[in-house]
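I opened a notebook for this model and wrote down what I looked up, entry by entry.

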Amino acid sequence: MPKVTDPQDTPGEPAERARAGLRAAFGREPATLARAPGRVNLIGEHTDYNDGFVLPMAIDRSAAVAVAPNTEDRCRVVALDCGGEAASFEGCGRNASTPLWARYAEGVVSLLRARGVGVPMFDAALASSVPPGGGLSSSAAVEVAFAVALCSLAGETLDPMSLARLCQRAEHEFARVPCGMMDQLASVFGRRGHALLIDCRTVEVRPVPIDQARVSVLVVDSGVRHELASGEYAKRRRECERAVAELAQHDAAVRSLRDATEEAIERARLEPTLRRRALHVLRENARTLEAARLLEAGDAPGVGRLMLESHASLRDDYEVSCSEVDALVEIAATTQGVFGARMTGGGFGGCVVALVEPRHVEAAGSAIVDKYRLRVGARARWMVVKAADGARVAVG
Ligand code: GLA
C-alpha cells in the first residue's frame, strides 16, 4: 500500500510528482495530466447507501495522474507513493494478478472501454497527497483522477454524474468494496469554499458555503487502520437491507431507511441490532440536514454539537468506531477553540474531523496529538484542510 504521507511534512504537489514520475519511469512527457481531490465528510455517515443525506467537502489533497499513450499491448502504471511500484494490465476486465492499488485504474479503464470510450494503451504515473486508508477517500481520488485523465486522452467527455457512477462501479467490481456514492460525487463535484449537501436518492448536489473567517476544518489521523473495516462495512449494508425488508412488511412504501420513521421502527419490533442501525440512519439524516442549515447560517457551535451527536451515534448505535478514534474525539471536544468533532469515513480507525475557530486551529491540532500520545501512547497526525474544487484536467 502507499506509504502514509506525514501531514506535517509538505506533501509536494502531486501533479508535479506525477509528471516527474512519468518522465523517470517511461521517459515520456504527459499527453494529459489530471487531478482529483480526496474528501472529508463533515456529517452524514453511513447514510449514502441508505438513500440519505451527506455533507462532505472535497479537500486540498489530491491524487494526480500523468498519462501518455504507448504502443505496447498493455497499460503500464507506476505508483510513486508505493515506492515506485509498477503494474500492468490489458484493461478489458478484472485480472486476479493486478495489485490492489492498480485495480482502481484497471477498473476505470475496463469500464470506460465497455461503454465505448476509446481509451488507448497508455503509460501512467500516479502520485497522491491523500493519506491512504484513513477515511479521506484516497481510492475515490485515484479512480476519478484516472477517469478524467483517460477520457481526456481518448478525446471524449463523460458527463460528471456518469463519471462518478462509473468510478463507484470500479470500486464495487474491481476493489470489491460495496461503497455508496458520496466519495466519488465529492471528488467530482467539489467546490472551493463549499461543502456539498448531497441527497443520495435524487443525487442532487447543493453547494453550502463555509465561512472561512468563522470556521476551520481540522483533520486528525489516528494512524489506526483496523483490518475488519471492509468486512464490517458490507455487514452494515446487509443489516440495513434486512431492516428495510422488515419495515416494508408493515408499510410497502418503505424502500430504504430514508423512508422510515422512529414510530415505524418501534412498531415493527426490529431485533435490537437492526433497530439501533435504523435509528442511527434516521437521526443522522435529520442531523445532516440541520447541520447544512446551520453551516450556511454561520452557526459553527451548532454544527459542532451535531457532529458530537453524530459520533456518539456511530459509536453506540452503528458501532463503527474504535477506542483510539473515540479517544481523539473526546480529546478534541475539550480542546480550546474546537466546536465539535467526529469520526469521518467508513470507520474502524482513520481520521477524525473537527470544526475549529480559525485563530485556534494550529494550537488545537498540536494539543490534540500531544494529549493523544499521552493517553493512547500512539502518534496521531493533524492537518488543516480547505474545501477545494473537484477533479480537473491540468494538461491535455
Ligand atoms: C465509505 C464509503 C462511502 C460511505 C462512507 C460511510 O467512505 O466509501 O460511500 O458509505 O464509508 O459514510
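**Entry 1**

Where is R176 found? I found R176 in the loop between α4 (160-174) and α5. Helices (H or I, at least four residues) and strands (E, at least two) are DSSP runs, numbered from the N terminus.

Before going on I noted the ground rules. I am reading a predicted model, in which local features need pLDDT of at least 70 and side-chain atom pairs count only at pLDDT 80 or more, while totals for chains, interfaces and linings use all residues. Residues are numbered from 1 along each chain as its sequence is written, and side-chain values use heavy atoms, with hydrogens and water left out.

I looked up the phi of R176, and the value is near 60°, which is positive in a residue other than glycine. Most residues other than glycine have a negative phi. R269 also has a positive phi, near 45°. I located R269 in the loop between α7 (262-267) and α8.

Next I checked exposure. Buried means under 20% relative accessible area, exposed over 50%, and partly exposed in between (1.4 Å probe, protein chains only). R176 counts as exposed because its relative accessible area is 53%. R269 is exposed as well, because its relative accessibility is 74%.

**Entry 2: the ligand**

Which residues surround the ligand? I listed R39, E45, H46, D48, Y49, C179, G180, M182, D183, Y233, G345 and G346.

A side-chain N or O atom of E45 is 2.6 Å from an oxygen atom of the ligand. Y233 places a polar side-chain atom 2.6 Å from a ligand oxygen. G180 uses a backbone N or O atom, 2.8 Å from an oxygen atom of the ligand. The ligand on its own has 300 Å² of accessible area, and the protein covers 91% of that. Accessible areas come from the Shrake-Rupley method with a 1.4 Å probe; for residues, only the protein chains shown count as cover.

**Entry 3: salt bridges**

How many salt bridges are there? The count comes to 30, where a salt bridge is a side-chain nitrogen of Lys or Arg within 4 Å of a carboxyl oxygen of Asp or Glu.

I picked out some pairs. D183 and R39, both on the ligand list, form a salt bridge at 2.9 Å, N to O. This pair links distant parts of the chain, with D183 in helix α5 (residues 182-189) and R39 in strand β1 (residues 32-41), 144 residues apart. Both D183 and R39 are buried.

D51 and R201 meet at 3.1 Å, N to O. They too link distant parts of the chain: D51 is in the loop between β1 and β2 (53-54), R201 is in the loop between β7 (194-199) and β8 (204-209), and 150 residues separate them. D51 is partly exposed because its relative accessibility is 22%, and R201 is partly exposed because its relative accessible area is 26%.

E16 and R19 form a salt bridge at 3.7 Å, N to O. Both lie in helix α1 (residues 14-26), three residues apart, about one turn of the helix.

I also noted a network of salt bridges that links E232, R236, E239, R276, R277 and E319.

**Entry 4: a charged residue without a partner**

I looked up E106, which is in helix α2 (residues 100-114). E106 is buried yet has no salt bridge, and the nearest side chain of opposite charge, R103, is 5.5 Å away. For charge, Lys and Arg count as positive and Asp and Glu as negative; His and the chain ends are not counted. Beyond its neighbours within four places in sequence, E106 is in contact (heavy atoms within 4.5 Å) with F89, G93, R94, N95, T98 and F174.

**Entry 5: C200**

Is C200 buried or exposed? C200 is buried, because its relative accessible area is 13%. C200 lies in the loop between β7 and β8. With neighbours within four places in sequence left aside, C200 is in contact with D48, D51, G52 and V54.

Terms used. Near = heavy atom within 4 Å. Polar contact = N/O pair within 3.5 Å; in protein donor to acceptor, adjacent residues only side chain to side chain.
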